[in-house]
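User: I would like to learn how to read a fold from its secondary structure elements, one feature at a time. Could you take me through it?

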Amino acid sequence: MSYHYQITEYCHRVLAPYIAEGDICIDATAGKGKDTEFLCRLVGKTGKVYAFDIQKEAVEATKERMLQKGYVDNVEVIHDSHEKIQMYVREEVSAIVFNLGYLPGGDHAISTSGKTSVQAIKAGMDLLKKDGIISVCIYSGKDSGYEERDEVLAFLKSLDSKKWLVILHQYYNRQNDPPIPAFLIRLY
């Protein structure tokens, strides 16, 4: 088997063991719908995925992708900010996926921010079941935020180690601000 180490594929490999048929999951940054599709496949027909994005273009792209892949009954695509997930999701969730930054191929001026991303992660933490997982892929660099990266990493470092396992991974031999995947697992 050959693996391609795109960051989203890598995150999917870490997330997959935490998600079972019938689970409820959140794609907090729907983008073009790849993570939404991945989550829908794992939760099956009896589970549900909530996908959020602030950009209409992303919402439409995700809806179209889900329609093409046959995931219409177990997904809800929401045109709103990820920091408002608790307004829409009331159930306990198994996994939440965040890809911070801007929509690939989209307007770089429209991107996530440290303040709203930390609020969204906190909101997601409140919904996560014991032994559930949150994946936060942090993109930074000249087009997106060093400030967001620093805020999110500072927040993650501050979490109570008796309640949360936080693991950071990194591309150690890549240049130009490669993405940083972080995983939070609820221990209580």
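Analyst: What follows goes from the sheet to its helices and then to one strand and the residue after it. Please keep in mind that this is a predicted model.

User: How many strands form the sheet, and in which order?

Analyst: Strands of a sheet pair through backbone hydrogen bonds, either parallel or antiparallel. Here 7 strands form an open sheet with mixed pairing, and their order is β3-β2-β1-β4-β5-β7-β6. The edge strands, each of which pairs on one side only, are β3 and β6 (164-168). On average, neighbouring strands of this sheet are turned by 15° against each other, with direction ignored.

User: How should I read the relation between α1 and α2?

Analyst: For two helices one asks how far apart the axes are, at what angle they cross, and which residues make the contact. The axes of α1 and α2 come within 11 Å and cross at roughly 25°; because angles under 35 degrees count as roughly parallel, α1 is described as roughly parallel to α2. The crossing in which α1 passes α2 is right-handed. On the α1 side the contact is made by Thr8, His12 and Leu15, and on the α2 side by Lys34, Asp35 and Phe38. Sorted by class, this contact of α1 with α2 has 2 nonpolar, 2 polar and 2 charged residues.

User: Is α2 mostly covered or mostly open, and what do its buried residues pack against?

Analyst: Helix α2 (residues 34-43) is mostly covered, with 7 of its 10 residues buried, namely Asp35, Thr36, Glu37, Phe38, Leu39, Cys40 and Val43. These buried residues pack against α1 (7-15) and α3 (56-69) among the helices, and against β1 (24-27), β2 (48-53), β3 (75-79) and β4 (93-99) among the strands. After α2 comes Gly44, whose phi is positive, near 65°.

User: Which strands are joined to β7, and how do they run?

Analyst: β5 and β7 run antiparallel and are joined by 6 bridges, with Ile138 having Ile180 in β7 as its bridge partner. β6 and β7 likewise run antiparallel, joined by 5 bridges, and the partner of Trp164 in β7 is Arg186.

User: What about Leu187: which residues is it in contact with?

Analyst: Leu187 lies in the segment after β7 and counts as partly exposed because its relative accessibility is 34%. Leaving aside neighbours within four places in sequence, Leu187 is in contact with Lys130, Ser161, Lys162, Lys163, Trp164 and Leu165. The C-alpha atoms of Leu187 and Gly132 are separated by 8.3 Å, although these residues are 55 residues apart along the chain.

Terms used
Residues are numbered from 1 along each chain as its sequence is written. This is a predicted model: local features need pLDDT of at least 70, side-chain atom pairs count only at pLDDT 80 or more; totals for chains, interfaces and linings use all residues. Side-chain values use heavy atoms; hydrogens and water are left out. Buried means under 20% relative accessible area, exposed over 50%, partly exposed in between (1.4 Å probe, protein chains only). Helices (H or I, at least four residues) and strands (E, at least two) are DSSP runs, numbered from the N terminus. Contact means heavy atoms within 4.5 Å. Two strands pair if DSSP finds at least two bridges between them. Axes are lines fitted to C-alpha atoms, for helices over the stretch in contact, and angles run from 0 to 180 degrees between N-to-C directions. Angles under 35 degrees count as roughly parallel, over 145 as roughly antiparallel, 65 to 115 as roughly perpendicular and the rest as oblique. A crossing is left-handed if the near helix is turned anticlockwise from the far one by less than a right angle, and right-handed if clockwise. Ala, Val, Leu, Ile, Met, Phe, Trp, Tyr, Cys and Pro count as nonpolar, Asp, Glu, Lys and Arg as charged, and the others, Gly among them, as polar.
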